[in-house]
Amino acid sequence: MNKIFISGNLTSDTEYAETISGTEVCKFRIAVPRYKNEKGAMIYDYFNVYSYHSTAIKCNKHLKKGSKVFVHGSIQNRTEEGKNGLKLILSEVIATTIEFDVPEQPDPYAITTDDKRTPLEVLAEQKPNKE
């Protein structure tokens with residue numbers, strides 16, 4: 001069984017592209033906290049995550065550097081030749097599900113706790129008088 005569940009924050013903005021065949025791909029890197037060292041500094045693991053199709057479109061639209069995500073997927077390994085000629089084995093996360101918070105749009109009629117006006121007074125100020 002090849003399953004991974006990780007939660008972390010994006011280390012940079014997403015990278016979005018379409019393949020020649022039209023498949024949407026979104027790549028991003030997340031930092032996942034592992035533990036605190038003896039000096040109290042958090043130690044992180046970093047994962048490259050790939051999403052496809054409609055998930056890629058949504059990730060590209062809503063995610064940016066610092067966004068918190070929960071990723072469910074699988075690990076895929078590939079090999080690549082490094083600069084020094086050595087064979088590198090790269091592990092990547094292929095996402096099947098990604099959960100994230102979409103920021104809410106501000107409510108133009110919201111009244112802060114410091115505002116002593118009633119909702120009707122606020123609305124009356126926003127509507128032009130017909131005189």
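## A buried serine and its surroundings

Serine 51 counts as buried because its relative accessibility is 0%, where buried means under 20% relative accessible area, exposed over 50% and partly exposed in between, with a 1.4 Å probe and protein chains only. The model is a predicted one, in which local features need pLDDT of at least 70 and side-chain atom pairs count only at pLDDT 80 or more, while totals for chains, interfaces and linings use all residues. Residues are numbered from 1 along each chain as its sequence is written, and side-chain values use heavy atoms, with hydrogens and water left out.

Serine 51 lies in strand S4, strands (E, at least two residues) and helices (H or I, at least four) being DSSP runs numbered from the N terminus. Apart from residues up to four places away in sequence, serine 51 touches Glu24, Val25, Cys26, Ala56, Cys59, Ala95 and Ile98, a contact being heavy atoms within 4.5 Å. Strand S4, residues 42-52, also holds tyrosine 46, which counts as partly exposed because its relative accessibility is 44%.

| Residue | Relative accessibility | Class |
|---|---|---|
| Serine 51 | 0% | buried |
| Tyrosine 46 | 44% | partly exposed |

The largest nonpolar core has 16 residues, of which Ile6, Phe28, Ile30, Val49, Val69, Val71 and Ile98 touch the most other members; such a core is a set of buried Ala, Val, Leu, Ile, Met, Phe, Trp, Tyr and Cys residues joined through side-chain atoms within 4.5 Å. At least two residues of this core come from each of strand S1 (4-10), strand S3 (24-36), helix H1 (53-62), strand S5 (68-81) and strand S6 (87-100), and S3 gives the largest share, four residues. Isoleucine 6, leaving aside neighbours within four places in sequence, is in contact with Ile30, Val32, Phe47, Val69, Phe70, Val71 and Val93.

Strand S2 (residues 15-18) runs antiparallel to S3 and is joined to it by four bridges, two strands being paired if DSSP finds at least two bridges between them. Glutamate 18 has glutamate 24 in S3 as its bridge partner. Five residues separate S2 and S3 in this hairpin, and glycine 22 in the turn has a positive phi of about 95°.

Over the whole protein there are two helices and six strands, which follow the pattern β-β-β-β-α-β-β-α along the sequence. Buried residues make up 23% of the 131 residues.
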